[in-house]
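Hello,

Here is the structure I promised to pass on to you. Have a look at it first, and my notes follow below.

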Amino acid sequence: MLPLLCALCCALPRASAEPGAGLRTWMRFARLPYPADKAFLYDTFPSGFAWAAGTAAYQVEGAWQKDGKGKSVWDTFTRGGARVLTGDVGSDSYHNVRADVRALSQLGVTHYRFSLSWPRIFPDGDAEGARNAKGVQYYRELLRELRTIGVQPVVTLYHWDLPDSLQRRYGGWNSSALVGLFARYADFCFRAFGDDVKLWITMDNPFVVAWHGYGTGVVAPGVKGDPDMPFRVGHNLLKAHAAAWHLYNERYRARQGGKVSIALASHWIKPSSTRLESHQACQCSLDFVLGWFARPLFVDGDYPPCMKRNLTHRLPSFTEEERAYVNGTADFFALSHGPSLSFQLINDSLRFGQTEDLDLRMLLYWVHAEYNNPPIFVVESGWFVSGNTKTKDAKHMYYLKRFIMETLKAIRFDQVNVIGYTAWSLLDGFEWYREYGIRRGLFYVDFNSEHLTREPKTSALFYSKLIEKNGFPGLPENRPALGVFPCDFAWGVAANSIQVETTPTQFIDPNVYVWNISDNGKLKKLEAAQVPVRRRRHCADYAAIRQQVSEIQAIHVSHFHFSLNWSSVVPTGQISEANNTLLSYYHCFVSELQRANITPVVTLWHHTGKLSSLPAPLEAKGGWQSEKTVQAFVDYARLCFQRLGAHVKLWITLNEPNEEGLCYAVGHQLLRAHALAWRVYDDEFRQSQNGKASLVLHMDWVEPAFSFSREDVAPANRVMDLRVGWFAEPIFGSGDYPPVMRSWLQQRNPIDLFNYHLPTFSAEDRQLVKGTYDFFAISHFTTSMVYDGVEDKYLYKDNLEVQMISDVTWIMSPRRNSPVVPWGLRKALNWVHSHYKGVPIYVMANGVQEDTGRFKDSLRVYYLYNYIDEALKVWCWAAVFANPTRQTSRYGAVEVPDGVL
C-alpha cells in the first residue's frame with residue numbers, strides 16, 4: 001500500500017489546469033505514426049502499481065431483507081414496470097465472504113474495491129437513526145478477511161443503492177437535504193471502518209445516477225419527466241461528495257492517513273472529421289458526461305463552459321463560496337470505463353454528432369491534459385459476455401487485455417500518471433438494467449446452484465498471470481530478427497491476372513486510319529487500305545507487356561506470379577478450339593519476363609469463390625463434379641505446358657482450392673485434377689523443361705483462444721486439419737485425408753446430411769495423388785483464434801463446432817475479420833515444417849488491404865516489414881524454407897498479393 005500512497009502524495013498539490021487543454025488530444029493522437037502506434041506494447045507496469053478487482057453491493061450481496069437490512073431504491077425499482085428479475089440474491093456475497101476472499105487470493109490482486117450498502121447499515125437512511133449492527137459486522141468481517149490475505153480495500157460509500165426511505169421522504173437526490181444525510185452516513189463509515197481503509201470513493205458514477213436515475217428513468221429510482229431534474233441532482237451529488245471529503249479531511253485524515261475521491265465514468269468519442277468543429281463537439285460530449293463533475297472538482301469549482309452555453313438557466317449555479325468548497329475535493333482521479341456507460345447509456349444527444357469509440361488510452365490522456373496530470377486510479381474497467389457464457393469468456397478476456405495494454409501505453413508513451421487498474425467485476429452478478437442478461441465477472445457464478453458456487457473463468461486466469469508478471473514482459477520471439485535471407489532467396493510480387501491487350505504497336509499495324517477531327521476526335525480505320533510492314537512482329541511490340549514488365553522490374557523482384565484465364569484460353573473447354581492469339585500473348589509475356597531476368601510463376605486455375613472461372617460449357621455440365629471437367633483441365637494443362645513451358649519454370653496447378661464451404665466431393669475432384677496435371681508435367685515435360693509444379697493452399701493461421709489452456713489445442717488442430725490438411729495430407733502426406741478430418745465428419749453426420757460426406761480414395765487414386773508436389777506453396781494473410789464455446793453466432797462455425805474470435809489488441813485492417821498478426825505467418829510455416837519436413841516452402845501471397853482514405857500506404861509497409869521479419873525468424877531459427885546446403889534455398893519466397901502493381 002505504501003508505494004500507492006507515495007504516488008498519491010507526490011502528485012499533490014497541483015497547479016491549476018489550463019482550461020480545455022484536453023481539446024488537443026485528438027490532434028496529438030492523429031499525428032502519431034500509424035499503424036506502429038497501434039501495435040501491442042510488451043512492457044511492464046511501474047513498481048507498486050495497484051492491481052484490483054471490484055464489485056458493487058446491490059449486484060453481489062443479496063440478502064436483501066436479511067438481518068435488518070432496509071430497502072434500497074433498487075429493491076423497489078426492480079419490482080416495478082416490465083422488469084422481471086431482481087438482485088434479491090445476486091451472488092449471495094453476504095453469505096460467501098470467505099469464498100469471495102479466496103477468489104481475490106487466487107487472482108493475486110493488491111486491492112479490492114467494494115461498496116457499502118447504505119440501507120444495510122442504516123435501514124432508514126439517516127445515520128442519526130437506528131444502526132444495523134449485523135450489517136456493520138458483515139463489513140468488519142470482510143475487512144478482517146482482506147487484512148488476512150494482505151489485500152487493501154478501496155471502499156465506495158454509495159454505489160447507486162440509495163435507501164428507499166430517503167427517496168420516498170425527500171425525493172432522493174433531487175433534494176438538497178441529502179447533502180447533510182450523506183455527510184452523516186459518511187462520517188459514521190469513516191469512524192467505523194477508517195482504520196482499515198486508506199482509499200475511499202464517496203460515490204460511483206454520479207452521471208448515471210443523475211442522468212438516468214432522475215432523467216431517462218433507465219436505472220433506479222426510475223424518475224423521469226422533468227428535463228431539469230438531472231442537473232439539480234448532479235448539483236446535490238457534487239455538494240454531498242464535497243461535504244464528505246471535507247469531513248474526512250478535517251476529522252480523520254491526520255489520524256487515518258487515507259485518501260478520498262469520487263468515481264467518475266466516461267465514454268470515449270472520436271471526431272467525425274478533422275475539422276476543429278468536430279474536435280470541439282467531442283470536447284463538449286466529454287464535458288457533458290465526465291466534465292460535468294470533474295471540472296468543478298479538479299479545475300475551478302464550476303461547470304464546463306460548453307454545458308453553461310448549452311443549458312443556460314437550466315444548469316444550477318455555484319456561489320463563490322460553493323465553488324471554493326467544491327474545488328479540489330479529490331485526492332486522486334478515480335476513473336470508470338466500460339459497458340456501464342460506453343455504448344449503453346450515452347444518448348445520441350450526448351454524442352454531439354460524433355462517433356463513440358472504445359479507447360481507454362486516449363481517455364486517460366484527455367484526463368491527464370484536461371485536469372493537469374492528476375494521479376489516476378482506474379477503478380472500473382472491463383467488458384462483458386452474454387448471460388449464457390460460462391467459464392470461457394474469451395471476449396471479456398481480450399477486452400481486459402486491450403484496456404490494460406492501453407493503460408500501459410498511457411503510462412509509458414504518454415507520461416500519464418496512472419497508479420492502479422481495477423478489473424470489473426470480481427463476480428458475475430445482477431447487471432443493473434440488463435439484469436442477468438450479461439456477465440462481467442472474472443469468476444463464474446452458478447445462479448442455479450444451492451450455494452451459488454464460484455469458478456474462475458479464463459479471464460481470471462489471464463488476469464492472475466498478468467498480475468504475477470506485472471504486465472506484458474517481452475519474449476525473445478517478440479524481438480525483431482537479426483539476420484538476412486540467402487542470396488538466392490526468391491522475392492516476388494503477384495497479381496491475380498495480367499492486363500491483356502492483344503492490339504500490337506502502331507509500327508507493325510498495316511492498317512490506315514483517318515483522324516475524325518470534326519466529330520468525336522477518334523481514329524477511324526479505312527477498311528480498304530493497308531500498307532506493307534517491313535519487319536516481323538516481336539513480343540516487345542505489345543505496349544501493355546512492356547509497361548507491365550517495366551513496372552515489375554522497378555520493384556527489383558526475382559519472381560512474378562500471375563494466373564491464366566482458363567475460360568478465355570479455351571472458351572469451349574476443347575483445346576482444339578483454343579484462343580491462339582491469347583496464348584501467343586501469354587507466351588510473349590512470360591518470355592519478356594524472362595528476358596528481364598524475372599522468373600514467371602504461372603497458375604493454371606485461380607479459384608474465384610462463387611464466381612465460376614471454368615469454361616461455360618464445362619460449368620453447365622456439372623463443373624468440377626464432372627469427370628469431363630477433370631479431363632478437360634488435364635488437356636488444358638498439357639496445352640499450357642507445351643506453349644509456355646520453355647519460359648515457365650514454376651507452375652501452380654490450382655490456386656487456393658481449399659475454400660471454406662466448398663463441397664467435399666468437389667474438393668476430391670480438384671485433388672485428382674491437380675494430381676493428373678502434375679503427372680502430365682512430370683512424365684512429359686519435366687525432363688525437357690526442367691521446371692517445378694505444385695498447388696497453392698490458403699493457409700491463414702488458427703490459434704487456440706486460451707494459450708494457457710490445453711483444451712483449445714484440439715479445436716485449433718481440427719480447424720487446421722479440415723482447412724489445410726484437407727488438401728495437404730493427400731498430396732504431401734499419406735495419400736488420404738487426415739484421420740481427424742474423417743472421424744470428425746463421420747461423427748458429425750452419420751446419415752449424410754448437410755453435405756458433410758467425405759469421399760474415399762481408391763487405392764489407385766491414393767497412388768495418383770500422393771507425392772504430386774515439388775514444393776509447398778501457401779497464401780497467408782491473417783490469423784484468427786478458436787475455442788469450443790458459443791458466444792457470437794455470426795462467428796460460430798457449426799461444421800467445426802468452434803467459435804472464431806480475434807484479439808482486440810491486434811491491428812485491424814479495413815477488411816473485415818482480417819487483423820494484422822505477423823507471428824501467425826511464423827506459426828503457419830512451422831506447422832508445414834513439422835507436418836511435412838524437408839519440403840521447400842513458397843509464400844505465394846501475403847499482404848493487406850490498405851485504407852483508401854489514407855494518402856500513404858503505411859499499413860502495407862508495416863505489414864510487409866513485420867511479416868517478412870517473422871519469415872526471417874523461421875529461416876534463422878529453424879531453416880524451414882529449405883536447407884541451403886542442398887542448393888534448394890531459391891524455393892523460399894515471400895510474395896505480395898495483387899494491388900501492389
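**What I found**

Trp515 sits in strand S16 (residues 511-515); helices (H or I, at least four residues) and strands (E, at least two) are DSSP runs, numbered from the N terminus. With a relative accessibility of 57%, Trp515 counts as exposed; exposed means over 50% relative accessible area, buried under 20%, and partly exposed in between (1.4 Å probe, protein chains only). Together with Tyr513 and Leu523, Trp515 forms a nonpolar patch on the surface, with about 380 Å² of accessible area in total. Such patches are made of residues with over 30% relative accessible area and no salt bridge, with nonpolar side chains (Val, Leu, Ile, Met, Phe, Trp, Tyr) joined within 5 Å and, for charged patches, like charges joined within 9 Å. The areas come from the Shrake-Rupley method with a 1.4 Å probe, and for residues only the protein chains shown count as cover.

Before you go further, please keep in mind that this is a predicted model, in which local features need pLDDT of at least 70 and side-chain atom pairs count only at pLDDT 80 or more, while totals for chains, interfaces and linings use all residues. Residues are numbered from 1 along each chain as its sequence is written, and side-chain values use heavy atoms, with hydrogens and water left out.

**The chain as a whole**

The chain has 29 helices and 28 strands. Its C-alpha trace spans about 110 × 70 × 55 Å along the principal axes. Of the 901 residues, 59% are buried.

**The barrel**

Eight strands make a closed barrel with parallel pairing, in the order S1-S2-S3-S4-S5-S7-S9-S11. From one strand to the next, the twist averages 25 degrees; the axes are lines fitted to C-alpha atoms (for helices, over the stretch in contact), and angles run from 0 to 180 degrees between N-to-C directions. Two strands count as paired if DSSP finds at least two bridges between them.

Five of its five residues are buried, so S7 is largely enclosed by the rest of the structure. Phe333, Leu335 and His337 point one way from S7, whereas Ala334 and Ser336 point the other way. S7 pairs in the parallel sense with strand S5 (residues 259-265) over three bridges, and Ala263 stands opposite Ala334 in S7. S7 also pairs with S9, again in the parallel sense, over five bridges. There, Ser336 has Glu380 in S9 as its bridge partner.

Ser115 stands opposite Thr156 in S3.

**Nonpolar cores**

The largest nonpolar core has 277 residues, and Leu116, Trp173, Phe193, Trp200 and Tyr421 have the most contacts inside it. Apart from that core lies another one of 11 residues, including Ala50, Leu199, Ala263 and Val379. A nonpolar core here is a set of buried Ala, Val, Leu, Ile, Met, Phe, Trp, Tyr and Cys residues joined through side-chain atoms within 4.5 Å.

**Salt bridges**

How many salt bridges does the structure hold? There are 54, each being a side-chain nitrogen of Lys or Arg within 4 Å of a carboxyl oxygen of Asp or Glu.

Arg440 lies in the loop between strand S12 (438-439) and strand S13 (443-445) and Glu380 in strand S9 (residues 376-381), so the pair ties together parts that are 60 residues apart in sequence. Both Arg440 and Glu380 are buried.

Lys395 forms a salt bridge with Glu791, with 3.8 Å between the closest N and O atoms. Because Lys395 is in helix H17 (residues 394-412) and Glu791 in the loop between strand S24 (783-787) and strand S25 (796-797), the pair ties together parts that are 396 residues apart in sequence. Lys395 counts as partly exposed, at 25% relative accessibility, and Glu791 as buried, at 18%.

A further salt bridge joins Glu703 and Lys827 (2.9 Å, N to O). Glu703 is in strand S22 (residues 701-704) and Lys827 in helix H28 (residues 823-835), 124 residues apart.

Enjoy exploring!
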